[in-house]
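Take a first look at the model below. The paragraphs after it go from the whole chain down to single residues.

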Amino acid sequence: MNRLFGNKSKVPKPTLDDALGSIDDRVASLDVKVAKVNAELATYQQKLSKMRDGPGKSALKQRAIKLLRQRKQLETQRDQLMSQSWNISQAQMTTENLKNTMITVDAMRQTNKELRKTYGKIDIDKLEDMQDEMLDLIDQSNDLQAALGRSYDVPDDISESELDAELEALGDELELETFEGDELPSYLNDGLDADTLPSFLQDEPTKEEQKDKPVPEQV
């Protein structure tokens, strides 16, 4: 069987990159040939401009025309190859876009699966009950804060005008105390004269009493 049909080829199949590289090489080769023909045509053009009409000029002109036809063919082949290269580039771009699209679709499918599995574990009713409990706890906390912040022995019906009048009276009292600050209070002045002293104060000892007082022995 192997002799009749041969072994299966193990050579890898060409890819778009291989085809594009081959086409680019052929286009480069055609560019070289076109440049060479252009150089020859420039030489013929210079010679024809200096020659007089005659058989020699006609023969040279025929060669130039032949080169022009060759250049036309080379340029046509080059344009075709460049069109093929463009098509392959478009095919590569389409292939890459398709691969990226498939990757994106697979990722979205996997994400959707995970989300469905995760959200399936959540009970909406329990979540709403938890939200209601949180609101109740917040209300209770606000009530506690209001109760703790309540003022004692301060009526709520005091007007702002009454508070202003009381503040003004307090200022007058402070000025009066500052004015009388150097005088003794009335309860200290009652029953006292300037020349009398309290009975609990002793008189100063006389000189005779100081002489009779024994002198302490020195150790």
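What pLDDT does the protein chain average, and what share of the residues score at least 70? The average is 76, and 68% of the residues reach at least 70. This is a predicted model, so confidence comes before detail. Where pLDDT is low, the predicted coordinates should not be read in detail. Among the elements, helix H3, residues 55-119, has the highest mean pLDDT, at 89. Helix H6, residues 186-189, has the lowest, at 52.

Now the overall plan. The protein chain has seven helices and zero strands. From the N terminus on, the order reads α-α-α-α-α-α-α. Of the 219 residues, 8% count as buried. The accessible surface comes to about 21000 Å². Carbon and sulfur atoms account for 54% of that surface. Contacts also tell something about the fold. Take those between residues at least 6 apart in sequence: 77% of them join residues at least 24 apart.

Start with H3. This helix has 65 residues. From its first C-alpha to its last it reaches 95 Å, close to the 96 Å expected at 1.5 Å a residue. Which residues of H3 are buried? They are Leu60, Ala64, Leu67, Leu74, Leu81, Ser85, Ile88 and Gln92. These buried residues pack against H2. An α-helix has 3.6 residues a turn, so residues three or four places apart point the same way.

Next comes the largest nonpolar core, which has 15 residues. Ile23, Val37, Leu41, Tyr44, Leu67, Leu74 and Leu81 touch the most other members. H2 and H3 are the elements that give two or more residues to this core. The largest share, nine residues, comes from H2. Leucine 74 shows how such contacts look up close. Leaving aside neighbours within four places in sequence, leucine 74 is in contact with Leu30, Lys33, Val34 and Val37.

Serine 85 lies in H3. Is serine 85 buried or exposed? Serine 85 is buried, because its relative accessible area is 13%, under the 20% cut-off. Beyond residues up to four places away in sequence, serine 85 touches Leu20, Ile23 and Asp24. Ile23 is also one of the core residues that touch the most other members.

Not counting residues up to four places away in sequence, glutamine 92 touches Leu16, Asp17 and Leu20. Leu20 is among the residues that serine 85 touches.

Follow one of those partners back. Aspartate 17 lies in helix H2, residues 16-50. Aspartate 17 is exposed, because its relative accessible area is 55%, over the 50% cut-off. How far apart are aspartate 17 and glutamine 92? In sequence they are 75 residues apart. In space the separation is 8.2 Å, C-alpha to C-alpha.

Finish with helix H4, residues 124-148. Its 25 residues should span 36 Å at 1.5 Å a residue. The end C-alpha atoms are 36 Å apart, which agrees. Look also at the start of H4. There, a side-chain oxygen of aspartate 123 comes to within 3.1 Å of the backbone nitrogen of aspartate 125.

Conventions:
Residues numbered from 1 in each chain as written. Predicted model: local features only at pLDDT ≥ 70, side-chain atom pairs only at ≥ 80, totals over all residues. Heavy atoms only, no water. Helix = DSSP H or I, 4+ residues; strand = E, 2+ residues; numbered from the N terminus. Expected span 1.5 Å × (residues − 1). Polar contact = N/O pair within 3.5 Å; in protein donor to acceptor, adjacent residues only side chain to side chain. pLDDT = per-residue confidence, 0-100. Buried < 20%, exposed > 50% of the residue type's maximum accessible area, 1.4 Å probe, protein only. Contact = heavy atoms within 4.5 Å. Areas by Shrake-Rupley, 256 points an atom, 1.4 Å probe, with all protein chains shown as cover. Core = buried A, V, L, I, M, F, W, Y, C linked by side-chain atoms within 4.5 Å.
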